[in-house]
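These are my notebook entries on one structure. I set down what I looked up, entry by entry.

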Amino acid sequence: MRRMEEKIQTEGKVLPGGILKVGNFLNQQIDTGFLGEMAEEIKWHYEDSDVTKILTIESSGIPLAIATGMAMEVPVVFAKKHKTSNVDGNAYSSKVHSFTHNEDYNIIVSCEYLTENDRVLIIDDFLANGNALRGLIELIEQANAHLVGCAVAIEKCFQDGGDRLRADGVRIEALAAVESMTDTEIIFR
């Protein structure tokens, strides 16, 4: 998506440690008009896939997942990073390591929200090492649901999580694919 590349070039910032900061339009502050454009692009990629549910992980993937769910007219489920009192004992769980936070999370989704009849599209803001997507895929497998594919706003190709997932047969659609980045330059695939 050319517009995503332009937003990254003009509004993004590269931080030490391979971090791409896009908080002014995608994470901490949301450009709602652009969010709608991203959702329509994802809908276009998956409109013939009979998606019945969208799955994401808290918290940065939630706005894009909700916008896409609205565009596709399907429910959105998000995996929690911490078990709370409103999640009963019947839950799917998977361990996920966060690259950004350098922390492990035991993500959970109540069994009532993912079923074997679901055709699930995973959505997240970033794809780096692929840990979050792999954890979400594991939840889908536990539910015996069908994975349709994954859509991410930004793929950091140099961390090759997307390449490994594709090698495993997972369909990945990235709105922008960053091949490499330095303090002064961002190269797209």
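In which helix do Glu-6 and Arg-2 both lie, and how many residues apart are they? I find both in helix H1, four residues apart, about one turn of the helix. I take helices as DSSP runs (H or I, at least four residues), numbered from the N terminus.

Sources: I note that the model is predicted, that local features need pLDDT of at least 70 and side-chain atom pairs pLDDT 80 or more, while totals for chains, interfaces and linings use all residues. Residues are numbered from 1 along each chain as its sequence is written, and side-chain values use heavy atoms, without hydrogens and water.

Salt bridges: I count a side-chain nitrogen of Lys or Arg within 4 Å of a carboxyl oxygen of Asp or Glu. The search of the whole structure gave 14. Arg-2 pairs with Glu-5 at 2.9 Å, N to O, and with Glu-6 at 3.9 Å. For burial I use relative accessible area: buried is under 20%, exposed over 50%, partly exposed in between (1.4 Å probe, protein chains only). Arg-2 is exposed at 56%, Glu-5 is buried at 15%, and Glu-6 is partly exposed at 39%.

I also looked up Asp-104, which bridges to Lys-95 with the closest N and O atoms 3.8 Å apart. Asp-104 is partly exposed at 42%; Lys-95 is exposed at 63%.

Helix H4: I find Ala-132, Leu-133, Gly-135, Leu-136, Ile-137, Leu-139 and Ile-140 buried in H4. Just after H4, Asn-144 takes a positive phi of about 60°.

Terms used: Helices (H or I, at least four residues) and strands (E, at least two) are DSSP runs, numbered from the N terminus.
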